[in-house]
Number of protein chains: 2
Amino acid sequence: MTLQKQNLPEMFPVPGFRLGTAAAGIKRPDRTDLVIMALAEGARCAAVFTRNAFCAAPVTVAREYLAQGQPSYFVINTGNANAGTGEQGIRDARLCCEGLAQHAGCSSAAVLPFSTGVIGEPLPVEKICAALPTALASLDENGWAAAADGILTTDTVPKGASRQIRIGDEIITVTGIAKGSGMIRPAMATMLAFIATDACIEPGALQQCLSAAVEKSFNRITVDGDTSTNDACVLVATATSPSPVLQPGGTGYKAFCEAITGVCIELAQAIIRDGEGATRFVTVAVEGGASSAECLQVAYTIAHSPLVKTALFAGDPNWGRILAAVGRAGLPDLEIEVVAIYLDDVCIVREGARASDYTEAAGQQVMARDELAIRVELGRGSCCEVVWTCDLSYDYVRINAEYRT
Amino acid sequence: MTLQKQNLPEMFPVPGFRLGTAAAGIKRPDRTDLVIMALAEGARCAAVFTRNAFCAAPVTVAREYLAQGQPSYFVINTGNANAGTGEQGIRDARLCCEGLAQHAGCSSAAVLPFSTGVIGEPLPVEKICAALPTALASLDENGWAAAADGILTTDTVPKGASRQIRIGDEIITVTGIAKGSGMIRPAMATMLAFIATDACIEPGALQQCLSAAVEKSFNRITVDGDTSTNDACVLVATATSPSPVLQPGGTGYKAFCEAITGVCIELAQAIIRDGEGATRFVTVAVEGGASSAECLQVAYTIAHSPLVKTALFAGDPNWGRILAAVGRAGLPDLEIEVVAIYLDDVCIVREGARASDYTEAAGQQVMARDELAIRVELGRGSCCEVVWTCDLSYDYVRINAEYRT
């Protein structure tokens, strides 16, 4: 069994944001592996990068260039993560930016580099630079679908989300693409997401909006708890819309933030649905916590437990494993007597023990679904948090054991 | 491929410590599933229990009784963990102790209960009590091998360790048994260990010795990071040896502690070797840390990473996954430029990038071994820590997905 994959939805173009692709032959011939994005003058850019201390060379360079001013271009390659490559990797990332800058007539620092693929191999800079003119020539506001394909590595489907909202008299567009099969491929240097909007918004507010959206989306998914060296999520506001500048607390700002968060959640969930070997999409909701932090602690302990994940794969309502995960999450003074656990609407644990009205048949009925929720009530406060995950299947082991062989 | 299992070594009897077994028919007929241990008068007992907040009823009762005084008996059943059973579970655990107390002519509180097996089913107290006379009749100082078999659940081999040391003119014996396929079966309420010695030692010193030994052995192993609701490790000193009382800092104390730690490490490693689906026994050593805590943080991040574990299963020297795990372990101000990583004696990462003299062939040669070490040098201090783990195989998923079905 595999989860139903979702097709790319209608991708509304974002005025002032163009995308181009090319086949540079980085790892395989005739595969689109180079994507360029061009930002209209006056566009603002916000970004969130991996917290992994071993961040890849392009992450280091992108952070540095972004601190120097607003970018005009992104250059993204697949097939090679340029991670674990030391000083040479930094030089190579700069060379790619320089190559694009020469063709485009901008400064190197106006080009942000992104790489995804195998760790530890030198970046084939010459191949990338040779393909830049083709990619530049194909720049188009309607290039989203081609770019969504172009940034994939081992993903099985392209991932995109797009929506339009009305703010005052104007329609604002938010469109984004992502790649990654979960946080599950540090060796494949996993997650990249690029989102653009034509809204007008100052850089500080844009960064605030993106950081909040990432916290509720990409930071709420887990396949196996591994964090990539290359993760990056970028949000561009081209300011081409005639609508007024969005201000925190002002008209339309809340709706705008909700649209950004909505697109990020759609992309994040698409990554879980395409998780390696995933056969079930699982929402883990923890309610009644004294703080968000402790809700997340419990949610991730459940979502990372190989025993819970194999039970999900088997469709086995093994409530003992969920209960044990809650118990070892490390919450101080947890009173187990008030904890309740649900599978969708079926109560499996009440007052810290198996619910008296629970039947195995009812549990199995929920576990047979390919989308289901594990809900935990801690009974010690009013905070709640949600994370999304998938199960642990034979295919996960096969994919990750066979990778590289 | 499976790891070579080790046979039970010669098990030296411990004067003053007898073991008896019976088949109570708890889960299956004709299987030894009840073990009783009888402690000579004057014996001292130390214990370490699970930190899981959802601890099982027998753990709650054993803790309570132990606080009231030194025990005379242990009653251990397999096939049922008496966990997630609420108030009824507490009553049932007490009833088993009471049953044994009546036969043995001691107080209920002098009997400590231990259970292991499926979570959430009511304990069949009557079956257990009915089999107590048989178990009592078989009490024998040479009962270690039968007891090692009797405490198993899904383990594939019995696990024991035994050694004798000379302290002054006397020979002191330390003998122990354990059960568990790693920390990997909270639903099977995993790990139990019982160790006995004929040494004379005060309870406080005995507890100190056990806590230190557990910290360096059972608390240094992981199969999948899950912690059982029933974990318990008990150390009994029968004081039957004519040797003088061991005192911290006094003659023989250090040798005694080393013997206890040695037996605990042997038992802990036997659990990893019998880990579900384990095909490789892996030592993760982290050196050069600023504190033991941060060394353990890095070691467990590596040992718990599904990507590292599947690479180990595949025999793939995927150093990028190990490097990424070190990077995301959360060490503040980690300087990646000084980190080195070794597979046995082969340096794979130096100065934060792939070692220039590393060859895939050399890495593969190490990964082909069924016992190997991953060694990380952090270069930020003088602390070091070691944990032991195994790989993540198809069989792990199969065993944990098929369990209960």
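User: What makes H7(B) oblique to H9(B)?

Analyst: The axes of helix H7 (residues 292-304) of chain B and H9(B) cross at roughly 140° and come within 8 Å. Angles under 35 degrees count as roughly parallel, over 145 as roughly antiparallel, 65 to 115 as roughly perpendicular and the rest as oblique, so H7(B) is oblique to H9(B). The axes are lines fitted to C-alpha atoms, for helices over the stretch in contact, and angles run from 0 to 180 degrees between N-to-C directions. Helices themselves are DSSP runs of H or I with at least four residues, strands are runs of E with at least two, and both are numbered from the N terminus.

A word on reading all this: the model is predicted, local features need pLDDT of at least 70, side-chain atom pairs count only at pLDDT 80 or more, and totals for chains, interfaces and linings use all residues. Residues are numbered from 1 along each chain as its sequence is written, with chains lettered from A and ligands numbered from 1 in the order in which they are written.

User: Which residues in H7(B) and H9(B) meet?

Analyst: From H7(B) come B:Val298, B:Thr301 and B:Ile302, and they meet B:Ile322, B:Ala325 and B:Val326 in H9(B). Contact here requires C-beta atoms, placed from the backbone, to lie within 7 Å. By class, this contact of H7(B) with H9(B) has 5 nonpolar, 1 polar and no charged residues. For those classes, Ala, Val, Leu, Ile, Met, Phe, Trp, Tyr, Cys and Pro count as nonpolar, Asp, Glu, Lys and Arg as charged, and the others, Gly among them, as polar.

User: Why is H5(B) called oblique to H6(B)?

Analyst: Helix H5 (residues 203-215) of chain B packs at an angle of about 40° on helix H6 (residues 253-273) of chain B, with their axes 9 Å apart. That angle makes H5(B) oblique to H6(B). The residues in contact are B:Cys209, B:Leu210, B:Ala212, B:Ala213 and B:Val214 of H5(B), and B:Cys257, B:Ile260, B:Thr261 and B:Cys264 of H6(B). They divide into 8 nonpolar, 1 polar and no charged residues.

User: What about H11(A) and H8(B): what makes H11(A) roughly perpendicular to H8(B)?

Analyst: This pair joins helix H11 (residues 394-402) of chain A to H8(B), at an angle of about 70° and with axes 8 Å apart. The angle makes H11(A) roughly perpendicular to H8(B). A:Val397, A:Asn400, A:Ala401 and A:Glu402 in H11(A) meet B:Leu307, B:Thr310, B:Phe313 and B:Ala314 in H8(B). Sorted by class, those residues are 5 nonpolar, 2 polar and 1 charged.

User: How do you know that chain B and chain A have the relation of a two-fold axis?

Analyst: Chain B can be laid on chain A by a turn of 180° and a shift of 0.0 Å along the axis, with an RMSD of 0.0 Å. That is the relation of a two-fold axis. The copies are superposed by least squares on the C-alpha atoms of residues with pLDDT of at least 70 in both. Of the residues of chain B, B:Tyr394 comes closest to the rotation axis, with its C-alpha at 2.9 Å.

User: How do you know that the same surface serves both copies?

Analyst: 100% of the contact residues of chain B recur in chain A. The contact takes 48 residues from chain B and 49 residues from chain A. On the chain B side, helix H8 (306-314), helix H9 (319-327), strand S14 (353-354) and helix H11 (394-402) each supply at least two residues. The largest share, 7 residues, comes from H9(B). By class, the side of chain B that touches chain A has 22 nonpolar, 17 polar and 9 charged residues.

User: Where do domain 1 and domain 2 of chain A lie in the domain assignment?

Analyst: Domain 1 spans 17-273 and domain 2 spans 281-402, with bounds that come from an automatic or database domain assignment. Their centres, taken over C-alpha atoms, are separated by 33 Å. The contact takes 8 residues from domain 1 of chain A and 9 residues from domain 2 of chain A.

Key:
Contact = placed C-beta atoms within 7 Å.
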